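User: I am new to reading protein models. Can you take me through a few features, step by step?

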Amino acid sequence: MLAEMVDHVVGIADFDMGHWVVGDEVAPGLWTAGGGEWCIWVRLSGFSWEADDRIEWGAPWQVHTVRIEPTDQGFFAGEFCSHRYLGP
């Protein structure tokens, strides 16, 4: 239980679908996901969903590794797209 609480505080716990605030809810660093039908991901410079807010994105069905940068504002993960922390 304590380990889970520490992971949540520093943002290195695995995470699934949703919009995540970098540096608060998810840590910068290297993350991986196994892919799947709805496993779309987007690194964000803001949360307006305007094209200018999308730094980089990945398509479904692909196993991927993505580096979330400290300068990113947010990260979006699609359905069935669990991300696991690999390190800084």
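**Reading a disulfide and a buried residue**

Analyst: Keep in mind that this is a predicted model. Let us start with cysteines.

User: What is a disulfide?

Analyst: A disulfide is a covalent bond between the sulfur atoms of two cysteines.

User: How many disulfides does a search of the whole structure find?

Analyst: The search finds 1 disulfide. Cys39 is joined to Cys81, with an S to S distance of 1.9 Å.

User: Which parts of the chain does the pair link?

Analyst: Distant parts, 42 residues apart. Cys39 sits in the loop between strand S2 (29–33) and strand S3 (41–44). Cys81 sits in the loop between strand S6 (74–77) and strand S7 (83–87).

User: Why is the disulfide right-handed?

Analyst: Look at the torsion about the S-S bond of Cys39 and Cys81. The torsion is about 45°, so the disulfide is right-handed.

User: Is Cys39 buried or exposed?

Analyst: Buried means under 20% relative accessible area. Cys39 has 0% relative accessibility, so Cys39 counts as buried. Cys81 is at 1%, so Cys81 counts as buried too.

User: Now Asp72. Where is Asp72 found?

Analyst: Asp72 lies in the loop between strand S5 (64–68) and S6. Its relative accessible area is 3%, so Asp72 is buried.

User: What does the side chain of Asp72 join in a polar contact?

Analyst: The side chain of Arg43, at 2.7 Å.

User: Which residues is Asp72 in contact with, leaving aside neighbours within four places in sequence?

Analyst: Val22, Arg43, Leu44, Ile55 and Arg67.

Methods:
Residues are numbered from 1 along each chain as its sequence is written. This is a predicted model: local features need pLDDT of at least 70, side-chain atom pairs count only at pLDDT 80 or more; totals for chains, interfaces and linings use all residues. Side-chain values use heavy atoms; hydrogens and water are left out. A disulfide is a pair of cysteine sulfur atoms within 2.5 Å. Helices (H or I, at least four residues) and strands (E, at least two) are DSSP runs, numbered from the N terminus. Buried means under 20% relative accessible area, exposed over 50%, partly exposed in between (1.4 Å probe, protein chains only). A polar contact is a pair of N or O atoms within 3.5 Å; within protein, one must be able to donate a hydrogen and the other to accept it, and residues adjacent in sequence count only if both atoms are side-chain atoms. Contact means heavy atoms within 4.5 Å.
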